[in-house]
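These are my notebook entries on a structure that is new to me. I wrote down what I looked up, entry by entry.

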Amino acid sequence: MTGAVNAAPRRVYATRRTFNGAVEPGHLMLIGPFSSIGFDCQATSYASMRVLKAPSKGRVSYVMGRGDAGFEKGARLEKCNFYPDRGPMVQFTPRPGAKGADHFRFLLSFADGERRTVDVNVEIR
């Protein structure tokens, strides 16, 4: 982890194009990991990320981390949910003393050509 925030991260898993979340002061919010998953539930490649709109009350970075797949109910790879996955994650770090609503947007590009724009609405409590 980087920055002045020392608290343990709170992991959240985004499979949607819009994510609404909350983070306590002194904590980090992680979204992901973002990778292409094969039928054997193993990552086949990682997505790249570009920030399209930066948050006004914190910063966004791209870090490697561990998490679980988070496929929607009924998705063809739903069976892979809760398999451990290591890959790139988007990390939001609120500025010290920041409170209230914030928003940022990033673009994910996958090896198979898929591009996904993700909007994140976060409440800093």
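What percentage of the contacts in the chain between residues at least 6 apart in sequence join residues at least 24 apart? I find that 60% of them do, taking a contact to mean heavy atoms within 4.5 Å.

Before going on, I note that this is a predicted model, in which local features need pLDDT of at least 70 and side-chain atom pairs count only at pLDDT 80 or more, while totals for chains, interfaces and linings use all residues. Residues are numbered from 1 along each chain as its sequence is written, and side-chain values use heavy atoms, with hydrogens and water left out.

Next I looked up the secondary structure, and I find 10 strands and zero helices in the chain, where strands (E, at least two residues) and helices (H or I, at least four) are DSSP runs numbered from the N terminus. Along the sequence the pattern reads β-β-β-β-β-β-β-β-β-β.

For the surface, I noted an accessible area of about 6800 Å² for the chain, with 51% of it belonging to carbon and sulfur atoms; the area comes from the Shrake-Rupley method with a 1.4 Å probe. Of the 125 residues, 44% count as buried, that is, under 20% relative accessible area.

Last, I searched the whole structure for disulfides (cysteine sulfur atoms within 2.5 Å), and one was found. This disulfide joins Cys-41 to Cys-80, with 2.0 Å from S to S. Cys-41 sits in the loop between strand 4 (35-37) and strand 5 (43-46), and Cys-80 in the loop between strand 7 (58-68) and strand 8 (84-94), so placed 39 residues apart. I also noted that the link is left-handed, with -75° about the S-S bond, and that both Cys-41 and Cys-80 are buried.

Technical notes: Buried means under 20% relative accessible area, exposed over 50%, partly exposed in between (1.4 Å probe, protein chains only).
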